[in-house]
Amino acid sequence: MTQPIDDLLSIRDLLRYAASQFAGSDLFYGHGTDNVWDEAVQLVMRSLNLPLDNNTVFLDARLVRDERELILNRIQRRIESRVPLAYLLGEAWFMGLPFKVDERVLVPRSPLAELLESGLQPWLGEQPVGRILDLCTGSGCIGIAAATVFDNAEVDLADISPDALEVASDNIALHGLEDRVRTVCADVFEGIEGRYDVILSNPPYVDAEDLADMPEEFRHEPALGLAAGEDGLEIAHRILAGAAAHLTPDGLLIVEVGNSWPALEAAYPDLPFVWLEFERGGEGVFLLSARDLAQRARVSI
Ligand SMILES: C[S@@+](CC[C@H](N)C(=O)[O-])C[C@H]1O[C@@H](n2cnc3c(N)ncnc32)[C@H](O)[C@@H]1O
């Protein structure tokens, strides 16, 4: 990486160089891409503000010096500091939509994107959706994506981190949704008012053992977004305890708990969790209806 580099490098040359450098390094992929080549394409093309699709027309275009230096610098930082690519670019993609991200928020990667693409079908049926809560919103990706699917719904993006809420606000503005999407500072349901037709959440759910074993890339993400106690269920327990009081009678609760799902299921043998399946990967996302929750908690709905 320290050798002199010819001035007349093309995009193709830089893609090849990035791919070779990544392949020879010990990187973890899982913050938006899952292999060397996609990581190289995303780094090079997005550093040049070029699209990720239909971009072969640019392959033999040569770079000006500033562009080349920016890309080489990002390749080096990706390898030496193990910074997730999304933070180097300042952007991530979720359900095909762009989001601003930085180290104040997790890099969006929830399988909930796939569920939202389907309009929450078949689970939602014909139920109208007037209010949606994205609890533990981070960048706001889940709630903002939901707002684009349910284009009449009012959406609250809630998080305990004021830093994360600043990023979420920027993303509301990026998508021009200020008229019906807002941020709320809340500690799980403390700070949340009223009832919602749908509550979506990708809360912190990494248990202590998994947290200790995570690749270096995850150390750049806010610990508040990952850690959830010894068994990873600290926040999930609080969501289950409070959700019935914040759902409409036909409401749905959909929560991602990842690898912590067996522990959660064992802790609530009476709850009829529906564990969702995803074509593009991901696991540990459950769905419960307001009625299932209320029955168990004996909370009137
Ligand atoms: C796993 S991240 C998910 C972010 C986003 N939903 C996504 O999918 O990319 C979890 C988020 O929960 C927030 N959080 C942690 N503890 C919380 C709490 N007690 N109440 C509300 N939000 C919390 C963190 O600040 C973080 O933004």
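**Core, domains and local features of a predicted model**

The largest nonpolar core has 78 residues, of which Ile132, Ala145, Ala146, Ile199, Ala236 and Leu253 touch the most other members. A nonpolar core is here a set of buried Ala, Val, Leu, Ile, Met, Phe, Trp, Tyr and Cys residues joined through C-beta atoms within 7 Å. A residue is called buried if 20 or more other C-beta atoms lie within 10 Å of its own, exposed if 12 or fewer do, and partly exposed in between, with C-beta atoms placed from the backbone. Helix H6 (residues 141-149) contributes the most to this core, with six residues. At least three residues of this core come from each of domain 1 (11-89) and domain 2 (102-297). In soluble globular proteins, nonpolar side chains tend to be buried together.

The model is predicted; local features need pLDDT of at least 70, side-chain atom pairs count only at pLDDT 80 or more, and totals for chains, interfaces and linings use all residues. Residues are numbered from 1 along each chain as its sequence is written.

Helix H6 is largely enclosed by the rest of the structure, because seven of its nine residues are buried. The buried residues of H6 are Cys141, Ile142, Gly143, Ile144, Ala145, Ala146 and Ala147. Apart from neighbours within four places in sequence, Ala145 is in contact with Phe94, Met95, Leu97, Ala113 and Leu116. Two residues are in contact if their C-beta atoms, placed from the backbone, lie within 7 Å.

The protein chain contains eleven helices and nine strands in total. Helices (H or I, at least four residues) and strands (E, at least two) are DSSP runs, numbered from the N terminus. Buried residues account for 38% of the 301 residues in the protein chain. Along the principal axes, the C-alpha atoms fill a box of roughly 70 × 40 × 35 Å. Of the contacts between residues at least 6 apart in sequence, 68% join residues at least 24 apart.

The protein chain is divided into domain 1 (11-89) and domain 2 (102-297), with bounds that come from an automatic or database domain assignment. The C-alpha centres of domain 1 and domain 2 are 31 Å apart. Eight residues of domain 1 are in contact with eight residues of domain 2. On the side of domain 1 that touches domain 2, five residues are nonpolar, two are polar and one is charged. In this classification, Ala, Val, Leu, Ile, Met, Phe, Trp, Tyr, Cys and Pro count as nonpolar, Asp, Glu, Lys and Arg as charged, and the others, Gly among them, as polar.

Around the ligand there are 23 residues, of which Cys136, Gly138, Ile160, Asn202 and Gly225 come nearest. A residue is near a molecule or strand if its C-beta atom, placed from the backbone, lies within 6 Å of it. The shell around the ligand comprises 14 nonpolar, seven polar and two charged residues.

Gly251 belongs to strand S7 (residues 247-256). With 26 C-beta neighbours inside 10 Å, Gly251 is buried. Not counting residues up to four places away in sequence, Gly251 touches Arg195, Tyr196, Asp197, Val198 and Ala290. Gly251 and Arg131 are 120 residues apart along the chain, and their C-alpha atoms are separated by 9.9 Å.

Several backbone features occur in loops. The peptide bond from Gln121 to Pro122 is cis, with omega near 5 degrees, and Pro122 lies in the loop between helix H5 (112-117) and strand S3 (131-135). Asn49, a residue other than glycine, has a positive phi, near 60 degrees. Asn49 is located in the loop between helix H2 (36-47) and helix H3 (65-80), and is exposed, with 7 C-beta neighbours inside 10 Å. Arg82 also has a positive phi, near 55 degrees, and is placed in the loop between H3 and helix H4 (85-89). Arg82 is partly exposed, with 17 other C-beta atoms within 10 Å. Neighbours within four places in sequence aside, Arg82 is in contact with Leu27, Glu216 and Glu217.
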